[in-house]
Amino acid sequence: DYVTSGVTLDSKDNFYLVGVRWDATALTSGRFSIGRQTKKFEGAGIAAGRSNYSGGSWEGGVNWKPLSYSTVDFSTNRATSESTGLGNYSIATNSQASWNHAWTSTVSTVLTASYATNKFQAAPVVAAGNADRLDKTTNFGLRVNYALQRWLKTGVDLTNTVRDSNDNNFDYKRNQIMIFLAA
């Protein structure tokens, strides 16, 4: 529900998923659900001609802990996302992997990689032969944490993000460096 008048995006999302959870060993656990999602627009959205969605959906992840001080996580999901001003909605598919490792009692790192696609429904791109807009985004990151005290950490976070779209106006590359202090 949107409170701004004139917005035609009010909708109801329902997920119908069936899944499993498992603990394969003391080192590996996971969960995975698969099914359907429906998105139904209400009131002003229907009057504006927005089309509903019904399609496949999933969410899941695996956690592997090869050492007491090291974990590897993988997650994936597929669902609709709200429109960002283009089209009725986008169908987003995301996958991410991360490796958390404590090198010492004071130094740890997190290495991440992700890949996402967003296909915008009813958002044609003239330069792409009027195909709906499709964005592909890759992200790589490295975070180094240093524990100054048990309750105080500092560190640096390096991230590289690249989005490739069939609408060249939405392509970008970003390198980001953050220095942080966490209590």
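The sections below cover the basis of the model, the ring pairs and the charges over rings.

## Basis

This is a predicted model, in which local features need pLDDT of at least 70, side-chain atom pairs count only at pLDDT 80 or more, and totals for chains, interfaces and linings use all residues. Residues are numbered from 1 along each chain as its sequence is written, and side-chain values use heavy atoms, with hydrogens and water left out.

## Aromatic pairs

The whole structure holds 3 aromatic pairs; rings of Phe, Tyr and Trp (its six-membered ring) pair if their centres lie within 6.5 Å, and planes under 30 degrees apart count as stacked, over 60 as edge-to-face and the rest as tilted. Phenylalanine 41 and tyrosine 89 are stacked, because their ring centres are 6.4 Å apart and their planes are at 25°. Phenylalanine 41 belongs to strand E2 (residues 28-41) and tyrosine 89 to strand E5 (residues 89-102), 48 residues apart. Strands (E, at least two residues) are DSSP runs, numbered from the N terminus.

Tyrosine 53 and tyrosine 89 form an edge-to-face pair, since the centres are 5.6 Å apart and the planes at 65°. Tyrosine 53 lies in strand E3 (residues 53-67), so this pair ties together parts 36 residues apart in sequence.

## Cluster and burial

Phe41, Tyr53 and Tyr89 make up one aromatic cluster. Phenylalanine 41 is buried at 4% relative accessibility, and tyrosine 89 is buried at 3%; buried means under 20% relative accessible area (1.4 Å probe, protein chains only). Tyrosine 53 is also buried.

## Charges over rings

Arginine 133 lies over the face of phenylalanine 120, 4.3 Å from the ring centre. The charged end of arginine 143 sits over the ring of phenylalanine 180, at 3.9 Å from its centre. The criterion is NZ of Lys or CZ of Arg within 6 Å of the ring centre and within 35 degrees of the ring normal.

How values were computed:
Helices (H or I, at least four residues) and strands (E, at least two) are DSSP runs, numbered from the N terminus. Buried means under 20% relative accessible area, exposed over 50%, partly exposed in between (1.4 Å probe, protein chains only).
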